[in-house]
Amino acid sequence: MSFDAFAGTDDYIADDGLLASVNAAIALRRPLLVKGEPGTGKTMLARAVAASLNMSLLSWHVKSTTKAVDGQYTYDVVQRLNDSRFGDADVSDIRNYIRLGVMGQAFASDERVVLLIDEIDKADLEFPNDLLRELDEMAFHIPELDETVAAKHRPVVIITSNAEKELPDAFLRRCVFHFISFPERVQMEQIVRVHHPRLDQALMDRALDRFFAFRKTTGLRKPPSTSELVDWLTVLSHAGVDVESVQTGDPFLGVLFKQEQDLVAATAPKRRTLY
Amino acid sequence: MFVELLISARARGLSVGIGEHLTLLEALSKGVATDIDGLYHLGRAIYCRSETEYDAWDLAFAETFQDAKLPPDLRENLVQWLEQAAEREAKAEGDWTHLDREELLKKFLERLAEQKERHDGGNHWIGTKGTSPFGHSGHAKGGMRVGGAGGGRQAMNMALERRWEGYRTDRVLDIRDLQVVLRTLRDLGRVGRVELDLDETIDQTAKNAGDIEIVERRERKNRLDVVLLMDAGGSMAPHARRVEQLFTAASKLDTFKSFASYTFHNCIYRWLYTDDAQRDRMPTHEVLANLKPHTRLVFVGDASMAPYELFSGMSWPGEDALSGIEWLRRFKARCSASVWLNPDPPRLWRHPTVSAIGGIFPMYELTVSGMRDAVKTLRVPV
């Protein structure tokens with residue numbers, strides 16, 4: 001391959017589809033849009049890509065109030081006004097009051113970096129559209145300085161979405177898309193092994209049995225995901241719970257279910273079969 | 001070969017074009033995919049924009065590379081293949097309207113039990129494009145549709161509804177574009193809290209030679225009441241959920257002062273339902289009485305039904321029965337601004353019930369441009 005290829009890392013298990021998508025994004029120099037249930041490792045992917053390609057990772061965590069320009073730069077007018085009154089600093093140079101945002105830093109970096117735009121769907125409806133030109137040309141203009149910040153090295157851009165809002169078509173067209181499906185049992189075991197290399201196999205099997213049974217329970221508001229399973233196994237192994245009681249006693253379910261109704265829903269059908 | 005893939009993908013409803021095709025070739029030339037599995041994953045990453053399109057991609061890929069394998073379970077397989085059936089111009093050959101629903105259902109189950117394999121065309125087996133009363137995209141009158149989107153539109157009932165299984169949805173409307181259009185429906189008036197008018201304050205202060213002059217004004221608030229009435233039954237189910245999401249999202253964006261939605265099945269009769277599953281219901285006359293004259297009504301439905309469903313009263317014996325069309329006329333009389341959004345393309349509007357309803361409410365296609373026109377109609381001050 002004629003580019004730096006991503007092959008997963010020791011602590012991040014990626015399937016073929018994900019590898020192909022990441023490599024396509026790197027080769028095509030396009031942003032990779034990753035969707036999937038919470039807890040399927042979307043954010044972790046960026047870390048793994050950065051580690052695997054030996055690049056540093058810059059994360060831009062999008063909030064509902066985030067504007068596209070925030071990622072480029074901020075101009076601290078209030079500080080400048082304040083300084084002008086008290087004469088503390090050199091007010092004549094606007095540059096002192098311009099701070100690059102995460103995207104700006106990624107562009108200005110002397111090395112190629114991985115830029116993570118996390119949970120892009122949290123922001124306003126227009127947010128992705130406002131990023132189009134920047135992501136296409138990997139450059140933006142700062143009117144206050146009349147300067148253009150252009151990427152020295154095109155960063156590897158990874159964008160995650162929880163699908164809370166639909167993204168604009170023009171934006172989607174520019175991205176390489178990947179949907180991380182929930183791991184199958186075999187893959188799940190590999191993932192858990194990464195976090196718990198010395199876990200007792202019998203405990204692992206029982207816990208996975210219960211976990212996948214819970215996920216099949218209908219009517220859950222938030223089915224437990226990978227991260228909850230890993231936490232649960234941590235608790236189980238620390239508390240020294242014996243293998244049998246994982247099946248019958250459902251210990252520490254609060255780790256798996258974060259909502260009261262889910263806890264009730266998950267345990268209810270099982271009691272019925274006991275009596 | 002890749003051009004065929006593109007054509008096949010477009011035929012399956014993926015909105016891809018020459019751009020995606022070239023991107024795929026570029027990625028291939030860079031060596032991203034080296035085998036057929038790699039090609040599958042790479043193509044999917046470039047051709048699909050949502051997991052809901054993965055199914056269509058699978059079909060297009062299988063079709064192009066001719067290794068479509070059928071799963072061993074016939075029943076599963078049957079439904080799946082019916083869902084893939086192609087749309088075709090309707091030409092009625094078999095007429096099965098003389099059978100009632102129970103008879104149809106019975107015959108359907110009998111025939112399903114007899115049937116051992118996939119079947120396209122023909123006039124007896126459950127399959128696609130034929131004139132048997134059962135199956136998909138058929139041209140038999142009064143038959144029964146099995147799964148999938150209706151092509152011939154003559155089916156009275158849909159057995160084996162599995163549209164919502166998995167991730168597959170059919171992208172009839174792009175929620176986002178429509179949301180942007182809906183924003184124009186806002187009717188803002190300065191009726192809210194008192195707030196500082198910064199621009200005016202600066203202006204006045206400057207005119208006042210720097211002596212601060214505070215200017216206040218009232219916050220802009222929405223004054224629009226919207227009631228959404230959706231056909232959520234049968235062939236409309238896939239659309240209804242999207243439309244509901246659309247309007248709920250719009251109301252969250254503070255587009256409307258108040259917003260309510262109800263669903264009905266086929267046409268409006270005595271009851272309107274307030275939940276998707278059509279369990280919680282309200283008498284229609286009560287809903288009607290609570291509507292304010294300036295409330296904007298938005299109906300969503302394909303408006304196509306058997307004529308008796310619109311023109312004669314549908315009720316249990318002993319109940320008073322207003323016909324569907326009479327209920328619709330009452331809604332129209334109550335509120336002066338109302339529109340009907342139809343997810344079907346206008347070429348299907350020649351149907352008698354569609355044109356009857358179109359005579360009452362201005363009808364628009366449920367697309368971005370249709371929506372824009374509908375919003376114009378609704379914006380008329382009342």
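The legends below accompany close-up views of a predicted model.

**View 1. The largest nonpolar core and its most connected members.** The largest nonpolar core of this predicted model holds 82 residues, and those that touch the most other members are A:Leu45, A:Ile117, A:Leu131 and B:Tyr47. Helix 1 of chain A supplies the largest share of this core, with eight residues. Once neighbours within four places in sequence are left aside, A:Leu45 is in contact with A:Phe6, A:Tyr12, A:Leu18, A:Val22, A:Leu32 and A:Val34. In soluble globular proteins, nonpolar side chains tend to be buried together.

**View 2. A separate core in chain B.**

View 3. Helix 6 of chain A covers residues 127–137, and its buried residues are A:Phe127, A:Pro128, A:Leu131, A:Leu132, A:Glu134 and A:Leu135. Of these, A:Leu131 is also among the residues of the largest nonpolar core that touch the most other members. The helix is followed by A:Met138, which has a positive phi, near 55°, and A:Met138 is also one of the residues that line the second largest cavity.

**View 4. The second largest cavity and its lining.** By residue class, the lining comprises seven nonpolar and three charged residues, with no polar ones.

View 5. Chain B has 14 helices and 13 strands, and 47% of its 382 residues count as buried. Among its contacts between residues at least 6 apart in sequence, 62% join residues at least 24 apart. The average pLDDT of chain B is 68, with 56% of the residues scoring at least 70. Over residues 67–98 of chain B the pLDDT is below 50, although this stretch has 66 contacts in the model beyond near neighbours in sequence. Residues 117–173 of chain B likewise have a pLDDT below 50, and this second stretch has 180 contacts in the model beyond near neighbours in sequence. Where pLDDT is low, the predicted coordinates should not be read in detail.

Methods: Residues are numbered from 1 along each chain as its sequence is written. Chains are lettered from A and ligands numbered from 1 in the order in which they are written. This is a predicted model: local features need pLDDT of at least 70, side-chain atom pairs count only at pLDDT 80 or more; totals for chains, interfaces and linings use all residues. Side-chain values use heavy atoms; hydrogens and water are left out. Buried means under 20% relative accessible area, exposed over 50%, partly exposed in between (1.4 Å probe, protein chains only). Helices (H or I, at least four residues) and strands (E, at least two) are DSSP runs, numbered from the N terminus. pLDDT is the predictor's confidence in each residue, from 0 to 100. Contact means heavy atoms within 4.5 Å. On a 1 Å grid over the protein atoms alone, a cavity is a set of points where a 1.4 Å probe fits but cannot get out, and a pocket is an open set with protein on both sides within 12 Å along at least five of seven lines; lining residues have an atom within 4 Å of a point. Ala, Val, Leu, Ile, Met, Phe, Trp, Tyr, Cys and Pro count as nonpolar, Asp, Glu, Lys and Arg as charged, and the others, Gly among them, as polar. A nonpolar core is a set of buried Ala, Val, Leu, Ile, Met, Phe, Trp, Tyr and Cys residues joined through side-chain atoms within 4.5 Å.
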